[in-house]
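Hello,

Here is the structure I promised to pass on to you. Please open it beside this email, and then read on for what was found in it.

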Amino acid sequence: MRRVSLSQFLIEEQRAGRLDADLRLLVEVVARAVKAIAVTISKGKLWDVHGETGVENVQGEVQKKLDVIANELLLQANEWGGHLAAMASEEVEEICQIPFEYPRGGYLLLFDPLDGSSNIDVNISVGTIFSVLRNPDREAIPTEASFLQPGTAQAASGYAIYGPATQLVLTTGNGVHGFTLDREFGYFVYTHPFMTIPYQTSEFAINASNMRFWEPPVRRYIEELIAGKDGPRGRDFNMRWVASMVSDVHRTLSRGGIFLYPLDAKNRAQGGKLRLLYEANPMAFLVEQAGGAAIDGRRRILEIVPQRLHQRVPVILGSTEEVERVRAYHEAED
Ligand code: AHM
Ligand code: MG
């Protein structure tokens with residue numbers, strides 16, 4: 001069968017007027033960095049890339065060596081192409097300006113270089129998440145405020161999953177498209193056109209060890225799922241939790257499900273666990289493009305106007321029927 005590469009896919013999208021040359025280059029460059037990250041992760045102990053650096057990041061978490069390497073690979077790959085105005089990374093406190101010797105383009109790139117990094121040392125799938133915005137003032141040097149746009153303003157978003165196969169999943173606003181890395185040939189092959197999330201599901205993902213910290217609507221919802229066919233839902237539900245958002249969302253995009261990282265008594269002071277700009281918005285864009293829904297409990301995630309670069313939010317996303325039920329349980333509390 002004739003293969004379509006990521007490059008051909010992007011060229012055809014550009015010809016159809018759905019993306020411009022700079023955005024095409026941006027996605028190509030991110031894909032190149034992703035290949036380098038995939039190779040590095042696959043070497044593990046052989047390249048001495050497991051373990052911690054001993055340094056804390058802006059989130060107050062000790063950085064893993066691979067957090068730092070993935071961050072550097074993405075920054076270096078993207079700084080010289082002329083397609084970006086600036087970048088922001090979950091691992092870096094301030095925004096990252098394009099070095100003065102390179103031209104500045106019109107896009108802003110945001111990323112979580114290595115999501116789920118607590119899983120690296122035990123050889124479980126991790127990922128990279130990215131989001132693309134436009135620099136609101138083309139002429140001006142971007143500031144933190146330039147990045148504080150609601151998720152509806154995203155020009156593209158996607159993730160790479162470093163699993164048994166490395167896959168890149170992408171939206172530029174015309175559906176969700178998946179590509180699989182052919183490692184030997186060195187390029188991404190278009191393998192999953194128009195990924196969709198079924199409206200209904202019988203699978204959920206949540207860190208159930210936090211149950212005692214949850215708010216009543218989430219506790220009610222999960223208790224009803226666990227009660228199975230003897231409870232009010234009248235059927236059994238299955239649970240999965242990888243503790244790597246990319247993996248849990250990828251499963252949700254692949255076969256349906258609901259993923260929850262809700263507000264709880266442990267994360268309330270921070271506003272939630274997951275980051276709005278690096279995790280929630282890019283995933284919400286993908287999930288909606290795949291026909292699913294993404295809320296913080298009450299609000300559509302993509303409509304939240306960010307106040308801070310590293311802002312956190314509760315995240316509930318996936319099959320629309322279940323997400324709407326969780327929203328209804330929250331509204332019943334109001
Ligand atoms: P990270 O960006 O520091 O890796 O944290 C985000 C991760 C998500 O990938 C995952 O959904 C969640 O944290 C797991 O949390 P927990 O350890 O509470 O299960
Ligand atoms: Mg993360």
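First, some words you will need: two strands pair if DSSP finds at least two bridges between them. Helices (H or I, at least four residues) and strands (E, at least two) are DSSP runs, numbered from the N terminus. As background, strands of a sheet pair through backbone hydrogen bonds, either parallel or antiparallel.

This is a predicted model, in which local features need pLDDT of at least 70 and side-chain atom pairs count only at pLDDT 80 or more, while totals for chains, interfaces and linings use all residues. Residues are numbered from 1 along each chain as its sequence is written, and chains are lettered from A and ligands numbered from 1 in the order in which they are written.

**The sheet**

An open sheet holds 8 strands in the order β4-β3-β5-β6-β7-β8-β9-β10, and the pairing is mixed. Its edge strands, β4 (96–97) and β10 (187–192), each pair on one side only. Further in, strands β3 (residues 84–89) and β5 (residues 107–115) run parallel and are joined by 5 bridges. For instance, M87 has L109 in β5 as its bridge partner. Helix α1 (residues 6–15) packs on the sheet and touches β8 (166–171), β9 (177–182) and β10. Here, residues are in contact if their C-beta atoms, placed from the backbone, lie within 7 Å. The direction of α1 makes about 70 degrees with that of β10; axes are lines fitted to C-alpha atoms, for helices over the stretch in contact, and angles run from 0 to 180 degrees between N-to-C directions.

**Three residues from a record**

Which residues does UniProt list for "binding site"? The unreviewed entry gives D112, D115 and E279. They span 168 residues in sequence, yet no two of their C-alpha atoms are more than 8.5 Å apart, so they gather at one spot. UniProt positions are given in the numbering used here, feature names are shortened, and annotations may be inferred rather than shown by experiment.

D112 lies in strand β5, while E279 belongs to helix α7. Are D112 and E279 buried or exposed? D112 is buried because 28 other C-beta atoms lie within 10 Å, and E279 is buried with 27. (Buried means 20 or more other C-beta atoms within 10 Å of a residue's own, exposed means 12 or fewer, and partly exposed is in between; C-beta atoms are placed from the backbone.) Leaving aside neighbours within four places in sequence, the contacts of E279 include D112, D115 and M245. Helix α7 (residues 276–289) is mostly covered, with 14 of its 14 residues buried.

**Around ligand 1**

The residues around ligand 1 include D112, D115, A243, M245 and Y261; a residue counts as near if its C-beta atom, placed from the backbone, lies within 6 Å of the molecule. Both β5 and α6 (245–255) supply at least two residues each to this shell.

A243 lies in the loop between β12 (238–239) and α6. This residue has a positive phi of about 70 degrees although it is not a glycine. A243 counts as exposed because it has 12 C-beta neighbours inside 10 Å.

**One more loop to look at**

F194 sits in the loop between β10 and β11 (203–205). Its phi is near 45 degrees, a positive value in a residue other than glycine. F194 is exposed, with 12 other C-beta atoms within 10 Å.

Enjoy exploring!

How values were computed: Two residues are in contact if their C-beta atoms, placed from the backbone, lie within 7 Å.
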